[in-house]
Amino acid sequence: MKTIREKAWVCVYCGFHMDAATIINEDVEPKEGDLTICLNCGYIYTRRNGEWKVPTEEEQAEIPNEVKHKILTYLIARKQVVREDLSEKQRKETK
Ligand SMILES: [Zn+2]
């Protein structure tokens, strides 16, 4: 796994600011056509002209179901972690 600094960009869906990408499958630089997701909301981006862009309808159609399944699994797990974190904060605040 390798994290690289990127030109800052803002998620078009939730407004989350990002300036890095973590490559989880290979220890390489991101390449054209790679996918990433917003860490806050899970919105999918594709690598185009060296930047993360909202995929076109054609690019979305080319995303393999296996990859969509992995993203969905990540989002479900993330939602569970966020929910547990919020519960923990609420417990601390009520004490
Ligand atoms: Zn987002």
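A residue is buried if 20 or more other C-beta atoms lie within 10 Å of its own, exposed if 12 or fewer, and partly exposed in between, with C-beta atoms placed from the backbone. This is a predicted model, in which local features need pLDDT of at least 70, side-chain atom pairs count only at pLDDT 80 or more, and totals for chains, interfaces and linings use all residues. Residues are numbered from 1 along each chain as its sequence is written.

**View 1. Thr56 sits in the loop between S5 and H1.** Is Thr56 buried or exposed? Thr56 counts as exposed, because it has 11 C-beta neighbours inside 10 Å. Tyr45 is eleven residues away along the chain, and the C-alpha atoms of Thr56 and Tyr45 are separated by 9.7 Å.

**View 2. The whole protein holds two helices and five strands.** Helices (H or I, at least four residues) and strands (E, at least two) are DSSP runs, numbered from the N terminus. Along the sequence the pattern reads β-β-β-β-β-α-α. The C-alpha atoms fill a box of roughly 50 × 30 × 25 Å, taken along the principal axes. Buried residues make up 2% of the 95 residues. The mean pLDDT (the predictor's confidence in each residue, from 0 to 100) is 87, and 96% of the residues reach 70 or more.

**View 3. Strands S1 and S2 form a hairpin with six residues between them.** Two strands pair if DSSP finds at least two bridges between them. Strand S1 (residues 2-10) pairs with S2 over six bridges, in the antiparallel sense. Thr3 stands opposite Thr22 in S2. In the turn, Gly15 has a positive phi of about 80 degrees. Strand S2 (residues 17-23) has seven residues and the number buried is zero, so S2 lies largely in the open.

**View 4. Three strands make an open sheet in the order S3-S4-S5.** The pairing is antiparallel. Strand S3 (35-37) and strand S5 (51-53) stand at the edges with a single partner strand each, so one side of each has no neighbour in the sheet. The twist averages 40 degrees from one strand to the next. For such angles, axes are lines fitted to C-alpha atoms, for helices over the stretch in contact, and angles run from 0 to 180 degrees between N-to-C directions.

View 5. Three bridges join S3 to S4. Thr36 stands opposite Tyr45 in S4. Strand S4 (residues 44-48) pairs with S5 over three bridges. Which residue of S5 is the bridge partner of Thr46? The partner is Lys53. Arg47 has Trp52 as its bridge partner in S5.

**View 6. Helix H2 (residues 65-94) has 30 residues.** From its first C-alpha to its last, H2 reaches 43 Å, close to the 44 Å expected at 1.5 Å a residue. The expected span is 1.5 Å times one less than the number of residues. H2 is hardly covered: its count of buried residues is zero. Among the elements, H2 has the lowest mean pLDDT (84), and helix H1 (residues 57-62) the highest (93).
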